[in-house]
Amino acid sequence: MGDVVQQFFAVKAKIAAAEQEAGRDAGAVTLVAVSKTFDAADISLVIEAGQRVFGENRVQEAQGKWPDLKDAFPDIELHLIGPLQSNKAKEAVALFDVIETVDREKIAAELAKEIARQGRAPRLYVQVNTGSEPQKAGIEPREAVAFVARCRDVHGLAIEGLMCIPPADENPGPHFALLEKLGHEAGVARLSMGMSGDYETAIAFGATSVRVGSAIFGSR
């Protein structure tokens, strides 16, 4: 599995080069290593190489492997980057440090209730369905700014960023540009956009974090 570590450092180097190319400060972009479907042994190699920020798609899968890893490495930051069901809000608030997929009123209300109950407040992003794809999670772009405001004003949630997953068959650039525009209008500081195939493009459009899985861990 030494190639995983080599691939991790190759991704880090490409992020640094893309930051420089875009005129961004070195270290402006956070790498979220997407570890879904990979086990603790694979993940540990990347942790030992220095990575501390990881992303998982499913609450249940993350519960099976991350509590022990977080005990061993208390400075790990764990992001939920997959759709969140309202009946998993309790577990998500307990385990994740960042939840990137707030996308509807019911989720906002459940998160607010669990944050108050547990006294633990993960950082929150609103997911925007920039391609208006019916099969994909995320709030419609035209509703995003008002939804961020409702999350803050009605539910008392501190929304710090926006997240998107562009359509697989489209040029991602316009989607990243749209998210950057919406982020500015909504008054958020962070943009989670860009995956293994397009993270360098996302950095050029202002991404503050990129979610990279297969380019590090290989195909699932």
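This is a predicted model: local features need pLDDT of at least 70, side-chain atom pairs count only at pLDDT 80 or more; totals for chains, interfaces and linings use all residues.
**The core.** Begin by selecting W66 and I216. Within the largest nonpolar core, which has 60 residues, W66 and I216 touch the most other members. Keep I216 selected and display its surroundings: beyond residues up to four places away in sequence, I216 touches V4, Q7, F8, V11, L31, A33 and V46. In soluble globular proteins, nonpolar side chains tend to be buried together.

**Helix 3.** Next, select residues 59-72, which make up helix 3, and find A62 within that helix. A62 has a relative accessible area of 0% and is therefore buried, the cut-off being under 20%. Apart from neighbours within four places in sequence, the contacts of A62 are E56, P67, L95 and F96.

**Aromatic pairs.** The model has four aromatic pairs. For one of them, select F54 and W66, a tilted pair with ring centres at 5.1 Å and 45° between the planes. F54 belongs to strand 2 (residues 53-56) and W66 to helix 3, so this pair ties together parts twelve residues apart in sequence. F54 is buried at 0% relative accessibility, and W66 is likewise buried at 0%.

Finally, select F176 and F205. Their ring centres are 6.4 Å apart and their planes stand at 55°, so this pair is tilted. F176 lies in helix 7 (residues 172-186), while F205 lies in the loop between helix 8 (199-204) and strand 8 (209-212), so the pair ties together parts 29 residues apart in sequence.

Terms used:
Residues are numbered from 1 along each chain as its sequence is written. Side-chain values use heavy atoms; hydrogens and water are left out. A nonpolar core is a set of buried Ala, Val, Leu, Ile, Met, Phe, Trp, Tyr and Cys residues joined through side-chain atoms within 4.5 Å. Buried means under 20% relative accessible area, exposed over 50%, partly exposed in between (1.4 Å probe, protein chains only). Contact means heavy atoms within 4.5 Å. Helices (H or I, at least four residues) and strands (E, at least two) are DSSP runs, numbered from the N terminus. Rings of Phe, Tyr and Trp (its six-membered ring) pair if their centres lie within 6.5 Å; planes under 30 degrees apart count as stacked, over 60 as edge-to-face and the rest as tilted.
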